[in-house]
Amino acid sequence: MQTVPGMTLAFPMFGGRDQGMMHPRDPDRIRTSTIGVLAMIGFVLLLETAGLSQRTVPKGNGIEGFRELRWGTSIEQSSKIYQDLQFDKYVISDSKEEPWKVYVRRVERGEIENVSFDSIEYWFKGGQFYQVRAVLHSRIGPRTLVTPAEDAFEKINGRLRNRYGEPSNRKVDYVTEFIVVVREATWIVDRSAITIRYEGAGRTNEDLLTLRMQEKPTR
């Protein structure tokens, strides 16, 4: 049996002049000692099992959807899973294709990767769940060194790197004479793509963080 480092198992020892001798009152004491030993063995095995389970969890589990919704879930089924899901707007990305149908939840848990977002949108394409888009706005004040949106980008970027490795694609752009920085990173994980995008503040002193998770495009 393998033991946890720093832990000693105590077994009752019978030696000396009492070795091989049984006394009339010894059974209760022996039974108590045996129960204690079995309890200790069970505790050690539990620790070993827990340690093994932590070591065998793969780094970077596959993503099949967002929370309770799997990619491809119909609007009807999604509304049964989330009864507070309601239609919000149409979005046209291609005039030759059917518009996106965007839904939101009335009671939404807006935290993703330990970051609280202002809004989370559920996007459906062809009547099926295809992507989720989370948005965080913040402003630059007179004493602001790092905005909440920029700080959140760094936190999520670090967490995803630790979990999935280096991003499949990343870029940094500088736009306009005000040097507005746009940073973006994408990870491909099995059937899914995760993209985080930070857009620095411009004339309005507002910056923006967008997190998008979607079914990996087939083209």
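Colleague: Why is Asn 114 called exposed in this model?

Modeller: In this model, which is predicted, Asn 114 has a relative accessible area of 55%, and because the exposed class begins over 50%, Asn 114 counts as exposed. Asn 114 sits in the loop between β5 and β6 (115-116).

Colleague: What makes the phi of Asn 114 worth a remark?

Modeller: The phi of Asn 114 is near 65°, a positive value in a residue other than glycine. Most residues other than glycine have a negative phi. Asp 190 also has a positive phi, of about 55°, although it is not a glycine, and Asp 190 is found in the loop between β10 (180-189) and β11.

Colleague: Why does Asp 190 count as partly exposed?

Modeller: Its relative accessibility is 49%, and the partly exposed class lies between the buried limit of 20% and the exposed limit of 50%, so Asp 190 counts as partly exposed.

Colleague: How do you know whether Gly 110 is buried or partly exposed?

Modeller: Gly 110 has a relative accessibility of 21%, and since buried means under 20%, Gly 110 is therefore placed in the partly exposed class. Gly 110 lies in the loop between β4 (100-105) and β5 (111-112), and, with residues up to four places away in sequence left out, Gly 110 touches Val 115, Ser 116, Phe 117 and Ile 120. The C-alpha atom of Gly 110 is separated by 8.3 Å from that of Ala 134, a residue 24 positions apart from Gly 110 along the chain.

Colleague: What makes Thr 147 a buried residue, and where in the chain does Thr 147 lie?

Modeller: Thr 147 has 3% relative accessibility, and as buried means under 20%, Thr 147 counts as buried. The residue lies in the loop between β8 (128-139) and α3 (148-164). Apart from neighbours within four places in sequence, Thr 147 is in contact with Ser 138, Arg 139, Ile 140, Tyr 198 and Asp 207.

Colleague: What puts the side chain of Thr 147 in polar contact with Glu 150?

Modeller: A polar atom of the Thr 147 side chain lies 3.2 Å from the backbone nitrogen of Glu 150, and the limit for a polar contact is 3.5 Å, so the distance falls within that limit.

Colleague: How many aromatic pairs does the structure hold, and what makes the pair of Trp 100 and Trp 123 edge-to-face?

Modeller: The structure holds eleven aromatic pairs. For Trp 100 and Trp 123 the distance is 5.4 Å centre to centre and the angle is 65° between the planes; because pairing requires centres within 6.5 Å and edge-to-face requires planes over 60 degrees apart, the pair is edge-to-face. This pair links distant parts of the chain, with Trp 100 in strand β4 and Trp 123 in strand β7 (residues 119-125), 23 residues apart. Trp 100 and Trp 123 are both buried.

Colleague: What lies over the face of Tyr 82?

Modeller: Arg 105 lies over the face of Tyr 82, at 3.8 Å from the ring centre, and the distance limit for a charge over a ring is 6 Å. Tyr 82 also belongs to a cluster linked by ring pairs, whose members include Phe 66, Trp 71 and Phe 87. In another case, Lys 125 lies over the face of Tyr 130, at 5.3 Å from the ring centre.

Terms used
Residues are numbered from 1 along each chain as its sequence is written. This is a predicted model: local features need pLDDT of at least 70, side-chain atom pairs count only at pLDDT 80 or more; totals for chains, interfaces and linings use all residues. Side-chain values use heavy atoms; hydrogens and water are left out. Helices (H or I, at least four residues) and strands (E, at least two) are DSSP runs, numbered from the N terminus. Buried means under 20% relative accessible area, exposed over 50%, partly exposed in between (1.4 Å probe, protein chains only). Contact means heavy atoms within 4.5 Å. A polar contact is a pair of N or O atoms within 3.5 Å; within protein, one must be able to donate a hydrogen and the other to accept it, and residues adjacent in sequence count only if both atoms are side-chain atoms. Rings of Phe, Tyr and Trp (its six-membered ring) pair if their centres lie within 6.5 Å; planes under 30 degrees apart count as stacked, over 60 as edge-to-face and the rest as tilted. A charge sits over a ring if NZ of Lys or CZ of Arg is within 6 Å of the ring centre and within 35 degrees of the ring normal.
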